[in-house]
Amino acid sequence: MSESQLPCGGALDPSMAVTETASQPSAAIVRIDGVKKSFGYKVALKNVSFAVPSGQICGLLGPNGAGKTTLFRLLMGILKATEGNLTIDGRDAFDDRMEVKRLIGFLPDEPVFYSYLSGHEVLELSAAMHGLDVAATMKRIAPLIAKLRLLQDINNYAEDYSRGMKKKLGLLLAMLHEPKLLVLDEPTNGLDVESTHLFYDLIFETAEQGTTVLFSTHLMDHVTKLCSHAVIINEGTVVAKGSLEELRSTFGLASLEEIFLQLTARPPQT
Amino acid sequence: MKSEARTGPGFWRTVWLLLRSARKRAAGRRNRQQQLLGNRSGGRATNWSGFGFVAAVFFMALINGAAAYFVSVAVENGQRFDVERQGKIVVSQNFLEVAQQALQTSPALTNRYLDLQVSTEASRIAEKYGGKPADIAARLREAVLTMQKTGAQALVTREEASPGLTALAKSGGVATMLGSVALLWWALMLVFQGEGLELDLQRRRHPMWEWLFSHPVPAGGVFLAEMLSPVAANPMYWGGPLFVIVLYWFVYDPGLALLAGVVVGIPVTVAAACLGKALEIGVILRFSPRTRGAMIGLMGWLGYASMMLFLLGLFVVDKLTGALAKILTPFALLPWPWLRLFLGGKADGTFSFTAGVLTCEWAAAVTIAAAVWLGVWGARQGLSGTFAAVDAGPAPSRIGETRFGREPLYRKEFLWFIRDRSAIVQTILIPLTVASVQVFNLRGVLSQAQGAWNYLCGTAILFGTYFLWVLGPKSLSSEGSALWIALTWPRGLESLLKAKAWLWSLISSGIVALVLIYAAFQFPAEIWKITLVGVGWFFFGRSMAEKTVTLVTVTSPSGEPEKIPWGRRAAAQLGMLTFSIGVLTQQWNIAVVGIVYSYVTAAAMWEGFRARLPYLYDPWSEKLPPPPTLLHAMVAISILVEGGAVITGIAMAVFGRDNLAVAQAIGYAVSAVAVSIGVAHFLDKRGVGLHEVWEWPAKAGTQTRHWWRGEEGGFAKLLLLLCAGAAAGLALGLFARGYSAILEQLPGIGETVRQGKAEFLKVPNLKISYAVMAVVFAPFAEEYLFRGLLFRALDREWGGWRAILGSAAFFASYHPPLAWLPVAMLGATNAWLFKKSGRLAPAVILHMVYNAVVLR
């Protein structure tokens with residue numbers, strides 16, 4: 001498809017969104033069902049339903065303000081859905097949030113750390129709070145710290161880190177307790193090229209070991225390379241979901257970016 | 001490509017724009033709070049925050065007025081001191097006349113009379129200004145003799161010696177010095193007020209400033225707007241002009257004084273605010289994040305301590321100024337023109353209004369300009385400040401794998417405490433100050449108590465409570481935006497916060513224990529009493545820590561911490577003073593009441609907190625806990641008691657003091673009826689019907705093992721229950737009488753009991769009034785409130801025996817200590833009866849019969 005064919009008026013019908021194929025539902029680790037979330041008068045999520053199959057890397061795509069961060073916070077039990085429910089491995093995200101936190105590793109989009117602890121101390125604290133053996137855990141992630149090039153600064157105050165370093169520390173925190181599901185909110189936003197590759201290598205490796213990864217991003221070509229599934233959200237509703245092949249075959253477009261632009265196109269504001 | 005050059009807004013336009021946006025921000029914040037409040041309560045709650053602000057402005061205005069009065073008294077006492085330095089003694093008019101009369105008549109006749117007068121005058125002077133009466137008496141006698149011999153005027157009246165502020169120009173060195181010191185002290189207090197003790201100092205660079213300075217605006221304008229913001233926010237600044245009005249009132253006409261309030265008061269107050277803010281900005285720009293907290297904490301403490309000193313100084317202003325005068329006498333040689341210049345006093349003794357106004361306005365303008373310049377100069381060094389090189393580098397030596405028990409949280413708190421320097425500063429300085437303030441406030445009460453060991457214990461406890469009061473919110477706000485990490489742990493925030501509370505209470509108990517151990521060494525005879533105090537503190541400290549923990553707030557992404565509602569902060573302090581006073585005055589009953597009150601308040605706060613906690617980040621989903629809550633019950637009970645007292649007072653005023661008993665009965669009766677109806681209506685509006693309080697159905701689905709719980713049986717069953725209640729009431733009543741009889745036999749207490757009974761019989765109509773009150777009104781109201789509301793809520797919160805005993809203890813605390821045992825038993829029995837039978841009626845009957853038996 002050439003670029004001249006990109007319309008401005010949404011030629012693709014979002015109701016053509018793919019439904020899950022028969023082979024997947026039983027293996028879904030995350031189920032989101034008719035979720036609606038409003039903050040007073042403002043409705044952030046209108047009606048979101050999708051499932052993330054276990055062991056896969058799933059990308060959550062959407063323009064700014066679509067509701068991706070809200071969705072992640074709902075998964076973490078930080079917010080409570082106005083309607084609908086979210087289940088992770090069969091457990092409700094809000095009511096069973098204590099249990100759920102053992103299963104999820106979360107990286108927010110702008111991690112902030114305690115101003116009086118070093119990176120090492122933050123990791124130790126988190127390991128202890130997860131009930132892990134601190135010494136063994138620190139030994140296990142030492143190669144990860146080296147891989148992410150944090151070794152030199154790991155003993156400095158965490159709040160002095162640059163943005164990229166904070167993201168790396170956040171990723172380590174998320175992976176500390178070997179969770180079943182990694183939820184990453186724009187993990188490579190602001191990272192340099194090398195760090196971005198490091199991140200994706202790490203994500204790929206963890207997925208190969210069976211962890212499910214759900215992350216949001218704006219970089220389409222990375223999604224194409226890394227993810228097996230994608231969910232596209234626009235203005236609080238799901239406009240497309242499923243594996244990448246299904247999306248391509250349904251919309252008849254080769255590039256995910258083109259699919260995305262067509263589905264999320266909005267008329268210009270006057 | 002734009003062709004014309006665009007210039008940014010000028011200085012004053014920048015200031016105007018920023019102030020306008022600040023106002024909009026504040027309005028927006030208020031609006032959002034209102035929306036959330038409405039959302040939580042379904043639109044039925046009232047917002048009391050405006051009331052709080054008005055009260056704060058009123059209080060601050062009082063302080064400023066008091067400060068002005070302080071200045072005037074300081075000058076007068078200084079003048080007195082100057083006169084006395086010349087060898088004369090300042091006495092009352094009366095004494096002077098007596099002394100002059102003594103000159104006329106022969107010494108022998110008047111000696112005894114004169115001696116009496118001398119000693120009276122001496123003790124008066126000693127009480128007011130300090131010093132030993134014997135020494136003063138000797139000096140007075142000498143002065144009288146000198147007068148007799150040489151005729152020199154050795155005695156001066158107060159009016160002559162201390163003409164006050166109007167004679168400032170002609171006053172001696174000490175007077176002008178004291179006046180200026182007092183004035184500067186007021187200025188200091190105003191400068192260091194700031195925006196309060198909370199400020200998120202975690203950010204190295206202020207994102208807002210960065211954004212502002214990315215515009216072509218003059219830095220001076222930005223900082224001036226920044227400096228003017230505390231003026232709007234802090235009620236202390238609103239009261240500042242009152243200081244000027246009162247001070248000028250001493251010297252000029254009222255009309256001019258009021259004008260001065262506007263023309264001088266406003267610029268001076270604004271200048272003080274600007275200076276304070278400039279110092280803060282300087283600290284933020286130049287110090288590392290970990291030190292700036294400490295510096296700003298110190299500054300805030302200075303403002304607070306100086307304010308407290310003013311308040312307290314008022315009570316001992318004469319003694320205080322006398323002491324200051326003695327200490328500072330050497331400095332009196334230096335010139336101290338400040339007060340005189342402030343008031344517009346000229347060297348020849350007259351006062352010129354215009355001179356005063358012009359001087360002050362000029363000084364204010366210079367200060368504001370200097371403040372703005374200070375900010376601009378600091379910003380020119382770069383918004384990151386020059387500390388970047390200083391504080392980077394590895395964190396201080398790793399605290400190895402030190403394990404602080406099973407709780408990994410303790411290590412984190414410990415690291416915070418020793419690395420965040422503001423924590424140390426604030427948690428030591430502020431409690432010290434506040435505790436000293438309280439000890440001072442209670443000095444009258446303390447002088448009644450015997451022994452000094454309770455002084456020591458009481459001070460330790462006061463320090464401990466205020467330590468918790470500061471440490472709690474500080475520790476909570478130290479989480480800041482990093483609270484999200486805690487949300488990723490498989491451990492509820494509730495358990496984390498409870499662990500924090502436990503840690504704080506341990507720390508504070510440790511500190512208090514040290515002092516108590518020292519006290520035990522000093523006063524070995526009282527060791528068992530000191531131990532009791534320690535035990536009492538342990539429990540009280542725990543309840544206090546639990547209350548403080550509910551004050552946690554979330555920091556917004558822009559770095560602004562959410563303000564803790566003042567009602568919650570006030571509630572966290574309930575019981576504090578009661579407990580401390582109880583210990584200080586060795587009145588155990590008061591201390592125990594303080595502990596009970598504190599625990600029940602903690603339960604009430606946790607009830608609300610548990611409803612709020614899951615929605616800390618999601619205030620739109622938050623709902624108030626279902627009524628009737630513990631808080632409702634406690635407020636209703638307080639209204640019952642206070643309302644009864646008020647109405648009693650009114651009734652007494654109407655019917656005369658002789659009808660005290662009747663007045664009390666009326667007061668209680670009216671209050672009971674009013675509160676009961678009011679509460680029922682209040683609950684009804686929120687969907688809780690009357691029968692829902694009077695009845696306690698068994699949980700749906702549970703097997704009703706007990707035959708009396710089921711629905712069948714109807715009236716006969718009810719009658720049986722009522723008879724059971726009456727029988728129990730009879731039994732308890734007889735027990736109470738027996739208990740009272742035993743008490744009468746005990747040595748010390750017996751006397752009190754007998755006296756009480758005698759008083760009881762002396763008052764006319766007392767028995768009838770009490771009978772009516774106790775048998776007709778009290779049972780219904782008290783059962784409704786204490787069992788129907790309070791015990792129900794407490795059972796939800798604590799459950800089991802703890803709830804029964806807790807509600808009984810709370811009930812007992814509203815009765816005199818000698819009656820505690822039977823009353824507590826009554827309370828416990830009624831609570832148990834209510835829960836078991838599912839109805840309040842038997843408890844009411846029990847109460848009625850009990851009261852009838854006891855009062856017969």
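A polar contact is a pair of N or O atoms within 3.5 Å; within protein, one atom must be able to donate a hydrogen and the other to accept it. In this predicted model, ten residue pairs are in polar contact between chain B and chain A, with both partners at pLDDT 80 or more. Three salt bridges are also counted between the two chains.

The interface draws on both chains. Chain B contributes 43 residues to the contact, and chain A contributes 39 residues. The size of an interface is often given as the accessible area lost when the parts come together. Here chain B and chain A bury about 3,700 Å² between them. Carbon and sulfur atoms account for 59% of that area.

One salt bridge was examined in detail. The side chains of E124(A) and R411(B) form a salt bridge, with an N to O distance of 3.1 Å. The side chains of E124(A) and R411(B) are also in polar contact, at 3.1 Å. E124(A) sits in helix 3 of chain A, which spans residues 119–129. Is E124(A) buried or exposed? The cut-off for a buried residue is under 20% relative accessible area. E124(A) has a relative accessibility of 3%, so it counts as buried.

On chain B, several helices supply the side that touches chain A. Helix 1 (11–41), helix 12 (289–313), helix 17 (408–419) and helix 21 (483–486) of chain B each give at least two residues to that side. Helix 17 of chain B provides the largest share, seven residues. By residue class, the side of chain B that touches chain A holds 22 nonpolar, eight polar and 13 charged residues.

Attention then turned to the interior. In soluble globular proteins, nonpolar side chains tend to be buried together. The largest nonpolar core in the model has 154 residues. The residues with the most contacts inside this core are I32(A), F50(A), L71(A), L75(A), I88(A), L123(A) and I485(B). Helix 20 of chain B (residues 453–477) gives the most to the core, with twelve residues. Another core lies apart from the largest one. This other core has 58 residues, among them V191(B), M236(B), V283(B) and C360(B).

Leaving aside neighbours within four places in sequence, L75(A) is in contact with V30(A), I32(A), L86(A), I88(A), A93(A), V100(A), I104(A), V183(A) and L214(A). Helix 1 of chain A, residues 68–75, is mostly covered, with six of its eight residues buried. The buried residues of this helix are K68(A), T70(A), L71(A), F72(A), L74(A) and L75(A). Just after helix 1 of chain A, G77(A) adopts a positive phi of about 80°.

Chain B was also described as a whole. Chain B contains 35 helices and two strands. Of its 856 residues, 48% are buried. Among contacts in chain B with a separation of 6 or more, 80% join residues 24 or more positions apart.

A buried serine gives a local view of chain B. S671(B) lies in helix 28 of chain B, residues 660–685. S671(B) has a relative accessible area of 3%, and is therefore buried. What does the side chain of S671(B) reach? The side chain of S671(B) comes to 2.8 Å from the backbone oxygen of L640(B). Not counting residues up to four places away in sequence, S671(B) touches I639(B), L640(B), G643(B), G644(B) and I647(B).

How values were computed. Residues numbered from 1 in each chain as written. Chains lettered and ligands numbered in written order. Predicted model: local features only at pLDDT ≥ 70, side-chain atom pairs only at ≥ 80, totals over all residues. Heavy atoms only, no water. Core = buried A, V, L, I, M, F, W, Y, C linked by side-chain atoms within 4.5 Å. Buried < 20%, exposed > 50% of the residue type's maximum accessible area, 1.4 Å probe, protein only. Helix = DSSP H or I, 4+ residues; strand = E, 2+ residues; numbered from the N terminus. Contact = heavy atoms within 4.5 Å. Buried area = accessible area lost by both parts, 1.4 Å probe. Salt bridge = Lys/Arg side-chain N within 4 Å of Asp/Glu carboxyl O. Nonpolar A, V, L, I, M, F, W, Y, C, P; charged D, E, K, R; others polar.
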